[in-house]
Amino acid sequence: MQSVAFYTLGCKVNQYETQILMEQFYQAGYQVVPCDELADVYVVNSCTVTATSDKKTRQALRRFKRQNPSGVVALTGCFPQAFAQQAQEIPEADVITGAYNRGDLLRAIEAFRTSGERVVRITPHQRGEAFEPMRAHAFQEHTRAFVKIQDGCERYCAYCIIPTARGPVRSKPLDQLKLELLELARAGYREVVLVGINLSCYGKDLGLHLLDAIALACTTDGIQRVRLGSLEPELLGTQEIQRMSQFERLCPQFHLSLQSGCDATLRRMNRHYDCQEYRRIVSDLRTAFPNAAITTDIMVGFPGESQEEFRQSLDFAREIAFAKVHVFAYSVRPGTRAAGMPDQVDQHEKNLRSHRMAQVTQETRQAFLAQQVGRQELVLFERPVAPGLMEGLTANYTPVVVPGGEEIQGRLLPVNITAVEGDGCRGTLA
């Protein structure tokens, strides 16, 4: 039996798409093995949000070719879709397909194995293309299931290459979504995470709204929790938030992509909101969803970001008191407007700002965790973290560790949260 190993970089959408690829290979007779083992085929599902992502992609391809020089090494995903020429210059990649051609990966690998000649299939995205039919049936080592319901982005933020990598907005039809949700419920999944490249734009091409997908997921028998992936904040109005709060199964955790807490920086980024609107959205969410966790991404060192602009961003992050923040430094992406902007911030300064922002947002993280102590929450237990200790997540995405074993894995149980410990909390089964 032929074996295949997968290495995934990037977002939850990429993780979902890797799961789809795994199922395709499994149905074709392949055995899926860990990527640190010897395999006949290695698949790297790439991300290209930052230069660091590209570097990790190249490193993985080199590592797998060294691991098995006679094996087939395949590159797919966002990096070759956005930077086709650069991808083809990587000698270790025997097979290269873009995100658009990802569904053809298995045939491309078989073509390479037959001919011995490198296979490159990268088709540009096209206006009006349909949502790629895909349905995941299981997820390895997860009690939560990701469900991709949207692809593509048309926002064209000044720093972002994703519209090139992912193409126009397109959405999963509700009938396809319903079938997938029912299958996941029958498979025993109690929580689903609705994900997309620009999730807030779900349904734009179908005459639907994200609320339609939320309503369907929250009324699917067997699904006890529905969580949302990253959201563009300006598409959340007060009325939409009020309607969302009517769904008891919707988790009170919202990842609202901020990028900067300075209005001048946001304008240069071509973001479509300002700090006052963001502040209002957070206030509405916290009113509608008590004990909600607001998480985000913050970029530092965008071209032209002065010390004063960075200070404003730092102060705003402290004011909002995020439950968790992914801090990252601006990375030049060829083909974007920001790549040619003046006043690029040097790497040393970006590193300093990253460190300072991480310090401040870790303080707000610890304050949020402290607010959970004394509460009783339902926890979905996911994995053992040590002998006799099991970790799970509350509805607002707080990690909680309790004494317990495999008998509680995959179960949703009430827990008394007793203390903050590290980047999460301790508790006892109620």
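I count two strands as paired if DSSP finds at least two bridges between them. The model I am reading is predicted. I started at strand 14, residues 376–386. I asked which residue in strand 15 is the bridge partner of Leu380. I found Leu393. In strand 17, the bridge partner of Leu380 is Leu412. I then looked up both pairings. Strand 14 and strand 15 (residues 389–393) run antiparallel and share five bridges. Strand 14 also pairs with strand 17 (residues 412–421), again antiparallel, through five bridges. Next I checked the link from strand 14 to strand 15. The two strands form a hairpin, with two residues between them. Gly388 sits in that turn and has a positive phi of about 80°.

**Helix 1**

I checked the length of helix 1, residues 12–27. Its 16 residues should span 22 Å at 1.5 Å a residue, and its end C-alpha atoms lie 23 Å apart, so the two values agree. I then listed its buried residues. They are Val13, Asn14, Tyr16, Glu17, Thr18, Gln19, Ile20, Leu21, Met22, Glu23 and Phe25. I note that Glu17 and Glu23 are on that buried list. Just past the helix, Gly29 has a positive phi of about 100°.

**Helix 11**

I ran the length check on helix 11, residues 275–288. For its 14 residues, 1.5 Å a residue predicts 20 Å; the end C-alpha atoms are 20 Å apart, so this agrees. I looked at the helix start next. A side-chain oxygen of Asp274 comes within 3.2 Å of the backbone nitrogen of Gln276 there. The buried residues are Cys275, Tyr278, Ile281, Val282, Asp284, Leu285 and Ala288. Residues three or four places apart on an α-helix point the same way, because a turn takes 3.6 residues. What covers these buried residues? I found that the cover includes helix 9 (238–244), helix 10 (263–269) and helix 12 (307–320). Strand 11 (253–255) and strand 12 (293–300) also contribute.

**Aromatic pairs**

I searched the whole structure and got 11 aromatic pairs. One is Tyr278 with Phe316, edge-to-face, at 5.9 Å centre to centre and 65° between the planes. Tyr278 belongs to helix 11 and Phe316 to helix 12, so this pair ties together parts 38 residues apart in sequence. Both residues are buried. I also looked at Phe302 and Tyr330, which are edge-to-face at 5.4 Å centre to centre, with 80° between the planes. Phe302 is in the loop between strand 12 and helix 12, and Tyr330 is in the loop between strand 13 and helix 13, so their pair ties together parts 28 residues apart. Phe302 is buried, with a relative accessible area of 0%. Tyr330 counts as buried too, at 3%. I went back to Tyr278 for its cluster. Tyr273, Tyr278, Phe316 and Phe322 form one aromatic cluster. Elsewhere, I noted the charged end of Arg63 over the ring of Tyr7, 5.6 Å from its centre.

I placed Thr97 in strand 5, residues 95–97. Is Thr97 buried or exposed? I read 0% relative accessibility, so Thr97 counts as buried. Its side chain makes a polar contact with the side chain of Thr76, at 2.8 Å. Its contacts beyond four places in sequence include Leu75, Gly77, Pro80, Arg102, Leu105 and Ile122. I moved on to Asp104, in the loop between strand 5 and helix 5 (105–115). Asp104 has 17% relative accessibility and therefore counts as buried, since the cut-off is under 20%. The side chain of Asp104 makes a polar contact with the side chain of Arg107, at 2.6 Å.

**Val193**

I found Val193 in strand 9, residues 191–196. It counts as buried because its relative accessibility is 2%. The C-alpha atom of Val193 is 8.3 Å from that of Lys148, and the two residues are 45 apart along the chain. Beyond four places in sequence, the contacts of Val193 include Lys12, Phe146, Val147 and Leu228.

Most residues other than glycine have a negative phi. I looked up two with positive values. Asn270 has phi near 65° and lies in the loop between helix 10 and helix 11. At 23% relative accessibility, it counts as partly exposed. Asp343 has a positive phi of about 60°. Its place is the loop between strand 13 (324–329) and helix 13 (347–372). Asp343 is exposed, with a relative accessible area of 60%.

Definitions and conventions. Residues are numbered from 1 along each chain as its sequence is written. This is a predicted model: local features need pLDDT of at least 70, side-chain atom pairs count only at pLDDT 80 or more; totals for chains, interfaces and linings use all residues. Side-chain values use heavy atoms; hydrogens and water are left out. Helices (H or I, at least four residues) and strands (E, at least two) are DSSP runs, numbered from the N terminus. The expected span of a helix is 1.5 Å times one less than its number of residues. Buried means under 20% relative accessible area, exposed over 50%, partly exposed in between (1.4 Å probe, protein chains only). Contact means heavy atoms within 4.5 Å. A polar contact is a pair of N or O atoms within 3.5 Å; within protein, one must be able to donate a hydrogen and the other to accept it, and residues adjacent in sequence count only if both atoms are side-chain atoms. Rings of Phe, Tyr and Trp (its six-membered ring) pair if their centres lie within 6.5 Å; planes under 30 degrees apart count as stacked, over 60 as edge-to-face and the rest as tilted. A charge sits over a ring if NZ of Lys or CZ of Arg is within 6 Å of the ring centre and within 35 degrees of the ring normal.
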